[in-house]
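Thanks for coming. I will go through one structure today, starting with a pair of side chains and then moving out to the whole chain.

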Amino acid sequence: MMMHQPSKPRRKVVPAPTANGAESADKLDLLLLSSAICNGEDIGPFVRKAFASGKPETLLQHLRHFSRSKESEIEEVCKAHYQDFILAVDDLRSLLSDVDSLKSALSMSNSRLQSVAQPLLASLDAFVEARNVSQNVNLALSSVRTCLNLIEICSRANSHLSSGNFYMALKCVDLLETELLDKTPSSTIKRMLERKIPEIRSHIERKINKEFGDWLVEIRFVSRNLGQVAIGRASAARQRDEELRMKQRQAEEQSRLSLRDCVYSLEEEEDEDLVSGFADDGGDGYGQGNGGTNSLGFDLTPLYRAYHIHQTLGVEQKFKQYYFENRRLQLTSDFQVSSMTPFLESHQTFFSQIAGFFIVEDRVLRTGGGLITKFEVENLWETAVSKMCSVLEDQFSRMQTANHLLLIKDYVSLLGVTLRRYGYPVDALLEVLSKHRDKYHELLLSDCSKQITEVLSADKFEQMLMKKEYEYSMNVLAFQLQTSDIIPAFPYVAPFSSTVPDCCRIVRSFIEDSVSFMSYGGHLDFYDIIKKYLDRLLGEVLDGALLKLISTSIHGVSQAMQVAANMTAFERACDFCFRHAAQLSGLPLRMVERTKRKFPLTTSRIAAEEMLATLLKTKVDGFMILLENVNWMADEPSQNGNEYVNELLIYLETLVSTAQQILPADILKRVLQGVLSHISEKIVGALVDDSVKRFNVNALIGLDVDVRLLESFADNLSPLIAEADAGQLKSSLAEARQLVNLLLSNNPETFLNPVIRERSYNKLDYRKVVTVSEKLRDPSERLFGTFGGRGAKQNPKKKSLDTLIKRLRDVS
């Protein structure tokens, strides 16, 4: 067989231009046309050019020339491949003969194979038939098993439904729907399942929604008790803090008093319920930490069960929205304030309901697995804070009793402490409380003013009698009114009346109520605020009430003396009040004691002393009327004093013996100083008065004895008051003493000497000196007989007195 040789590739032949036709246009066109045809280019331009030039024959001629040149080339190629074609034909003929031989061999082999395989084919047909029967049996068994499994799962689902285990029932239903429904061989069972599965899901959803609805009703009542328990625990914790601070204050006070023998130990109580109630127990699932009944007594299991079932049903978002809307409606309902019940009676229920609501929501937020978001809880809280602030503003604006406002403030502050533990911001509530601070204190001041007025009006102006030690402790030690650390013998008569401890109790109650209002209200250092209102209570209310008492109810010396004694006790009580306010405010006593304070009752103290002095002066005036009985032209000088001074001294000695029991030495000195000064003025006034036309030296000597007796009385008070103070008392008689000394002196003219006058007569008014001197300068012999003998020579003393009168008249 001859092998076919491959033909050579065909080449594009470009006719060579003739050597001598380069200048000819026809030959050039022929060359360009041949080149375009060989290269497979478009010859359209050549055709258009030929027709455009009107020479299409030339183009045809060129094409024929090119065709002839190609035919000769083809002929050469055919001649070159002819031998190869002959050889290929011979090979095909030889191959046909071989194919016929192969066909005969295959036919013979097929006949032999058919004869041998005939029994095998019969066996194969039997096998196929048996296999089909086996497959049918297996399919039947599989269908039976599938039906049995389906019936078993259906039975399990019914059991779970009957027992209320809805989650497992839903899992069974999901298994039936996803894995077994399409595989069910029975169309009847399949149709039944397709109808019942949605009904079962609807039934479960209705049942779980009913349980959730029952929980919503129950949790509203539980929330109120929950809030009360939580706020009660906050109150107990606050009470323990107060007791601890009280022990600290006692230790500080004893340290201040250098009583080192008392040792205090801090006892720490463990309140597991409180800790577990406020702390995050961090549990999961449906157990104690995640919705089960915990130490605060609320159960979230029905809620989480409903949430889980709705998640399984694929309607999680719908249930979230449903839960949030229902809780928001419940909160809105909780905001309703009954107009039939006073807010003072319902405020605890109102605030505990809201506190319980948000304690529940905090637990749901932390353990609910996304049932409610932090943003939603914050929105609910903002709404609640806004409403609570509005209610407080409205209720506070109506209240006219400080105690009512304090009760509500305390409960709101406990609410704030409780909910702050759960991370809720309560600054807005505290700001409302701070905003009504002034109103509360105005009401408190008004209440205290009424109480103080009642106490003062009931005062009998008698020293307080205490028969037992507990009375002394309750009325004296409690307000640090004692002047000695030694416990007196009983019965004990205090220098003050019952008004003092009664007013101290009112002031102490004011301080404690004020501190109670300011405490736990967002202020850490509020002593200055307490002190401001305490200054108002003492400096305006109490001082004003005492001034009114002094001006309207004091009619006797004993009453005025008791009020003056009370002012001394009030001064010690005021120091106690400021220390007590500092202690309750958490301020160290050493800082308060370094501050010098003005006595806030200074005005009433001055008024009390002035009233006592005025009454004493009035009483003294009654004795000074006896000056009218003095014999101004006595023949002999009085040796034992005139009647008025003897009566007056008896009264003053009786007065001092009574006053020294209740009045401090400084007040007694100031009062007696005013009285003696008044007596001195009365003596001088009697000499100046027109009722005394003239007097002689004997009467003047009698006045000198009177003044000496009064000075002796002042000197005798040295054991009661300081010696220097006794000297000041004696100086209160200076005007009368200096006038008597001047008139009895041998040279009265020395009054004109500025140095002597400033040293010895600085209390005398020259006009009074002139008036009195003229009365002593009487032309009667009886009047001036004592100045000298009967000789013609003038008495030098009389001459000096005349000179004094003349010079003083010239000055005037």
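Which side chains meet in a salt bridge at 2.4 Å, N to O? Those of Glu325 and Arg328. By salt bridge I mean a side-chain nitrogen of Lys or Arg within 4 Å of a carboxyl oxygen of Asp or Glu.

Before going on, the ground rules. This is a predicted model, in which local features need pLDDT of at least 70 and side-chain atom pairs count only at pLDDT 80 or more, while totals for chains, interfaces and linings use all residues. Residues are numbered from 1 along each chain as its sequence is written, and side-chain values use heavy atoms, with hydrogens and water left out.

Back to the pair. Glu325 and Arg328 are three residues apart in helix H8, so about one helical turn separates them. Helices here are DSSP runs of H or I with at least four residues, strands are runs of E with at least two, and both are numbered from the N terminus. Glu325 is partly exposed at 26% relative accessibility, and Arg328 is partly exposed too, at 34%. On that scale, buried is under 20% relative accessible area, exposed is over 50%, and partly exposed is in between, with a 1.4 Å probe and protein chains only.

Helix H8 covers residues 316-334, and it holds another pair, Glu316 and Lys320, four residues apart and again separated by about one helical turn. Their side chains form a salt bridge at 3.3 Å, N to O. Glu316 is partly exposed, at 26%, whereas Lys320 counts as buried, at 19%.

Helix H3 has a pair of this kind as well. Glu73 and Lys70 both lie in H3, three residues apart, about one turn of the helix. The closest N and O atoms of their salt bridge are 3.5 Å apart. Glu73 is partly exposed at 21%, and Lys70 is partly exposed at 22%.

How many salt bridges does the count come to? The count is 24. Beyond the pairs, Asp704, Arg708, Glu711 and Arg737 are linked in a salt-bridge network.

Helix H3 runs over residues 56-163 and also contains Phe127. Together with Leu121, Leu124 and Val128, Phe127 makes a nonpolar surface patch of about 350 Å². Patch residues have over 30% relative accessible area and no salt bridge; like charges are joined within 9 Å, and nonpolar side chains (Val, Leu, Ile, Met, Phe, Trp, Tyr) within 5 Å.

Now the cysteines. The whole structure has zero disulfides, a disulfide being a pair of cysteine sulfur atoms within 2.5 Å. For Cys574, the closest cysteine sulfur is in Cys577, at 5.9 Å, which is too far for a bond. Cys574 is buried, with a relative accessible area of 3%, and Cys38 is buried at 7%.

Last, the chain as a whole. Its secondary structure comes to 28 helices and two strands. Of its 812 residues, 40% are buried. Taking contacts between residues at least 6 apart in sequence, 76% join residues at least 24 apart; a contact means heavy atoms within 4.5 Å. The accessible surface is about 45,400 Å², and 53% of that belongs to carbon and sulfur atoms. Those areas come from the Shrake-Rupley method with a 1.4 Å probe, and for residues only the protein chains shown count as cover.
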